[in-house]
Amino acid sequence: MSSDWDTVTVLRKRAPKASAMKTESAINQAKRQGLQVDTQQKYGAGTNKQHVATKNTAKLDRETEELKHEKIPLEVGKLIMQGRQAKGMSQKELATKICEKPQVVNEYEGGRGIPNNVILAKMERALGIKLRGKERGKPMVPPAKK
């Protein structure tokens, strides 16, 4: 029968937290024990620079192309205006019918709107004329019923 003197109880400390591992004393202790120590310098670390010129500034300066949204062709705007006037509608009435703001109809008629196929399809159905494709300005033919 063994006595209490033969049993060994090992009390372990908790593993140090990551923040404690970053202290200079913890790094020196790890070096003394022969453990691998990895250090990394973060980009812009330790500086108080909030608005730093990025690495791509020169590349952006060399860029000469102007990026603009595609606009509705003026001929489509005129078709919308003619179709709306042929039906005797105001811009506001057309906008209400297609569930859009009057400003959208105004922009499309003036050739300033950004093309959206959903809005153009609603206008085509409300006005009964084609606004997209090769057959612009021609009346829409309702699909044949089976």
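Contact here means heavy atoms within 4.5 Å. This is a predicted model, in which local features need pLDDT of at least 70, side-chain atom pairs count only at pLDDT 80 or more, and totals for chains, interfaces and linings use all residues. Residues are numbered from 1 along each chain as its sequence is written, and side-chain values use heavy atoms, with hydrogens and water left out.

**Glu 109**
- Glu 109 lies in helix α6, residues 102-109. Helices are DSSP runs (H or I, at least four residues), numbered from the N terminus.
- Glu 109 touches Leu 74, Gly 77, Lys 78, Ile 80, Met 81, Arg 84 and Gln 91, leaving aside residues up to four places away in sequence.
- Its relative accessibility is 5%, so Glu 109 counts as buried. Buried means under 20% relative accessible area (1.4 Å probe, protein chains only).
- The side chains of Glu 109 and Arg 84 are joined by a polar contact of 2.5 Å. A polar contact is a pair of N or O atoms within 3.5 Å; within protein, one must be able to donate a hydrogen and the other to accept it, and residues adjacent in sequence count only if both atoms are side-chain atoms.

**α6 against α7**
- Helix α7 spans residues 117-127; α6 packs on α7 at about 90°, with the axes 12 Å apart. Axes are lines fitted to C-alpha atoms, for helices over the stretch in contact, and angles run from 0 to 180 degrees between N-to-C directions.
- α6 is therefore roughly perpendicular to α7 (65 to 115 degrees).
- Val 104, Val 105 and Tyr 108 of α6 meet Ile 119, Leu 120 and Met 123 of α7.
- The residues of this contact are six nonpolar, no polar and no charged. Ala, Val, Leu, Ile, Met, Phe, Trp, Tyr, Cys and Pro count as nonpolar, Asp, Glu, Lys and Arg as charged, and the others, Gly among them, as polar.

**α4 against α7**
- Helix α4 covers residues 74-86; the axes of α4 and α7 come within 10 Å and cross at roughly 35°.
- Val 76, Ile 80, Gly 83 and Arg 84 of α4 meet Leu 120, Met 123 and Leu 127 of α7.
- The contact of α4 with α7 has five nonpolar, one polar and one charged residues.

**α7: burial and ends**
- The buried residues of α7 are Ile 119, Leu 120, Ala 121, Met 123, Glu 124, Ala 126 and Leu 127. They pack against α4, α5 (91-97) and α6.
- At the start of α7, a side-chain oxygen of Asn 116 comes to within 3.0 Å of the backbone nitrogen of Val 118.
- Just after α7, Gly 128 has a positive phi of about 80°.

Conventions:
Helices (H or I, at least four residues) and strands (E, at least two) are DSSP runs, numbered from the N terminus. Buried means under 20% relative accessible area, exposed over 50%, partly exposed in between (1.4 Å probe, protein chains only). Angles under 35 degrees count as roughly parallel, over 145 as roughly antiparallel, 65 to 115 as roughly perpendicular and the rest as oblique.
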